[in-house]
Amino acid sequence: KGKGKKGKDKGKGKGKDKDEGGKGKKGKGKKGKEQKEGDEDATDKDQGAAEEGGKAEEGGTAEEAGQAEEGGKEEKAEESKAAEGGKAEEAGEKATEAKAEEAKEEAKEAEAAPVQINAEDLDVFEVKNVADLGNGEPLFAHFTHDDWTLLSTRYEMHLLLHAFKKDLNDPDRPGFAEQHLAFYFQKYFKKTFSHKFYGMETFSDFVDLIKDTLAVSESTGFLTAPLPEDATQEDFVKYTESHRRERQQRIDAGDETAKLKFSRPAPPPPRDAGYNARGGSRGYSGGYNRGGQQGGYGRDSQQGGYGGGYSRGSSQGQGQKRPYESSGGGYRDRDPKQQRGSYGGSSGGGG
């Protein structure tokens, strides 16, 4: 029995060991299986991560490709816009050139067509070119003889007063009075002056006629020039035209006193055309040769004029040479201080 119990116990012990060994083996199997499953899971995760990385990489590459494609599209769009802009610029240049050509054609047509300008509506002091108002007509187109006379008088008075002031160079005497005007006018312009020539009874009336150019100082009584020294000739043309228009308006309104009544100077006598003629007219056709056929101051020469010699007896104009030794009349015997009465003395032919 004791041995049987021991055998049973041993059998039980061995059975327990077997059970424990089986359990250990089973535990190891489970662990291995779990490890294997873990490795498989890790492998699956790695594969999933790799796949996801590949997908992400593929997605990034696709995104980059899409961005590159969009960039290319934008670049093409910009090139297209630039091309369109160049075409538009070229079209604009052509349009500008066409407009310039049209403007030139219009300018030519405008030049060819006469410009309709009413000179009476223009402000004379705004005119830039007194010789052409824009239609080829000058500002002085309606000037008469009296207007030209007033223009000349305005300019001469202006020059005279400024020249006198500069020539005298005396601050205490910047001008001269009315009574000295005729003297200085003659001295500067070699012409006479009188206010009555302009149809004016008094000098004050003459001053009122050209008051834009001539004035009288109330303090000194000297004549003064209202316009500056550098006034141009065009300025005087404008003042004359302005005065003409004002005067014409008064005449049109029935004011007869506005009419000018200038005294026109007599024309100069014609030059004597016979100074070189022959046959009695006086002419320096000869010379100073005494006794020559053409020279001298003879009176009875048929050649006439101053064509004879210093002899009075020649009947054909051939001056005979004769000595100047007649009694009391020769040049060699007379006193140089004695007044000479004749060229030939008491001898000689008739005369």
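Visitor: Which residues touch the most other members in the largest nonpolar core?

Guide: Happy to start there. This is a predicted model, so local features need pLDDT of at least 70 and side-chain atom pairs count only at pLDDT 80 or more, while totals for chains, interfaces and linings use all residues. Residues are numbered from 1 along each chain as its sequence is written, and side-chain values use heavy atoms, with hydrogens and water left out. A nonpolar core is a set of buried Ala, Val, Leu, Ile, Met, Phe, Trp, Tyr and Cys residues joined through side-chain atoms within 4.5 Å, where buried means under 20% relative accessible area, exposed over 50% and partly exposed in between (1.4 Å probe, protein chains only). The largest such core has 21 residues, and those touching the most other members are Phe176, Leu181, Phe193, Phe203, Phe206 and Leu214.

Visitor: Which element gives the largest share of this core?

Guide: Helices (H or I, at least four residues) and strands (E, at least two) are DSSP runs, numbered from the N terminus. Two or more core residues come from each of helix H2 (145–168), helix H3 (181–189) and helix H4 (203–209). The largest share, five residues, belongs to H2.

Visitor: Is threonine 240 buried or exposed?

Guide: Threonine 240 sits in helix H5 (residues 233–252). Contact means heavy atoms within 4.5 Å, and beyond residues up to four places away in sequence, threonine 240 touches Phe143, Asp147, Leu151 and Arg154. With a relative accessible area of 1%, threonine 240 is buried.

Visitor: What distance does H5 reach from its first C-alpha to its last?

Guide: The expected span of a helix is 1.5 Å times one less than its number of residues. H5 has 20 residues, and 28 Å is expected at 1.5 Å a residue. Close to that, H5 reaches 29 Å.

Visitor: Which residue just after H5 takes a positive phi?

Guide: What covers the buried residues of H5 includes H2 and H4. Just after H5, a positive phi of about 100° is taken by glycine 254.
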